[in-house]
Amino acid sequence: MYDRALMPLGIQRLQHYGEEFASTGHLYLARIAGIGEAERNEIIVKMAEVGVVCNVHYKPLPMFTAYKALGFDIKDYPNAYKQYSNEIRLPLHTLLSDEDVEYVCKNLKKAMGKILK
């Protein structure tokens with residue numbers, strides 16, 4: 001349902017199934033092209049305001065305090081930062097109903113519209 005509703009908007013997602021691979025499919029990681037970390041965070045806040053908990057699932061290791069203390073700098077890992085900066089994890093669990101997915105998609109589109117004017 002997420003794919004059908006969001007892919008026409010240009011939202012990319014982590015593909016869980018293919019001819020040569022399969023995963024548990026336990027995450028729905030959406031990438032919104034053309035936004036950065038600040039816009040992504042605004043979208044997450046807008047979603048929270050309507051009761052939809054979204055987050056960032058993968059934070060690059062150089063952004064963690066322990067790795068910074070070891071001398072790692074995210075500027076040295078531009079691809080990792082690029083992958084992180086526009087990723088949003090959407091709700092996905094066994095109790096999620098079709099109506100819930102529709103609500104998430106409707107509100108994500110609305111939040112994106114407010115941010116991507």
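This is a short exchange about a predicted model and the labels given to some of its residues.

Visitor: Why is Arg-40 called buried?
Guide: Its relative accessibility is 1%. Buried means under 20%. Therefore Arg-40 counts as buried.

Visitor: What surrounds Arg-40, beyond its neighbours in sequence?
Guide: Arg-40 sits in helix α2. Leaving out residues up to four places away, Arg-40 touches Ile-35, Val-56, Tyr-84, Ser-85, Asn-86, Glu-87 and Ile-88. Its side chain also makes a polar contact with the side chain of Asn-41, at 3.0 Å.

Visitor: What makes Arg-40 and Glu-37 a salt bridge?
Guide: The N to O distance is 3.9 Å. The cut-off is 4 Å, so the pair qualifies.

Visitor: Why are Arg-40 and Glu-37 separated by about one helical turn?
Guide: Because they are three residues apart in helix α2.

Visitor: Is Glu-37 buried or partly exposed?
Guide: Glu-37 has a relative accessible area of 23%.

Visitor: How many salt bridges does a search of the whole structure find?
Guide: Two. One of them joins the side chains of Arg-13 and Asp-3, at 3.1 Å, N to O. That value is within 4 Å, so this pair also counts. Arg-13 is in strand β1 and Asp-3 in helix α1, ten residues apart; the pair links distant parts of the chain.

Visitor: Why are Arg-13 and Asp-3 called partly exposed?
Guide: Arg-13 has a relative accessible area of 27%. Asp-3 stands at 29%.

Visitor: Which residues have the most contacts inside the largest nonpolar core?
Guide: Tyr-2, Leu-6, Ile-32, Ile-43, Met-47, Leu-90 and Leu-108, in a core of 26 residues. Helix α5 gives the most to this core, with seven residues. Leu-108 is in contact with residues including Leu-6, Ile-32, Met-47 and Leu-90.

Visitor: What makes Leu-70 exposed?
Guide: Its relative accessibility is 67%. Exposed means over 50%, so Leu-70 counts as exposed. Leu-70 lies in the loop between α3 and α4. With Leu-61, Phe-64, Tyr-67, Phe-72 and Tyr-77, Leu-70 makes a nonpolar surface patch of about 560 Å².

Key. Residues are numbered from 1 along each chain as its sequence is written. This is a predicted model: local features need pLDDT of at least 70, side-chain atom pairs count only at pLDDT 80 or more; totals for chains, interfaces and linings use all residues. Side-chain values use heavy atoms; hydrogens and water are left out. A nonpolar core is a set of buried Ala, Val, Leu, Ile, Met, Phe, Trp, Tyr and Cys residues joined through side-chain atoms within 4.5 Å. Buried means under 20% relative accessible area, exposed over 50%, partly exposed in between (1.4 Å probe, protein chains only). Helices (H or I, at least four residues) and strands (E, at least two) are DSSP runs, numbered from the N terminus. Contact means heavy atoms within 4.5 Å. A polar contact is a pair of N or O atoms within 3.5 Å; within protein, one must be able to donate a hydrogen and the other to accept it, and residues adjacent in sequence count only if both atoms are side-chain atoms. Patches are made of residues with over 30% relative accessible area and no salt bridge: like charges are joined within 9 Å, nonpolar side chains (Val, Leu, Ile, Met, Phe, Trp, Tyr) within 5 Å. Accessible areas come from the Shrake-Rupley method with a 1.4 Å probe; for residues, only the protein chains shown count as cover.
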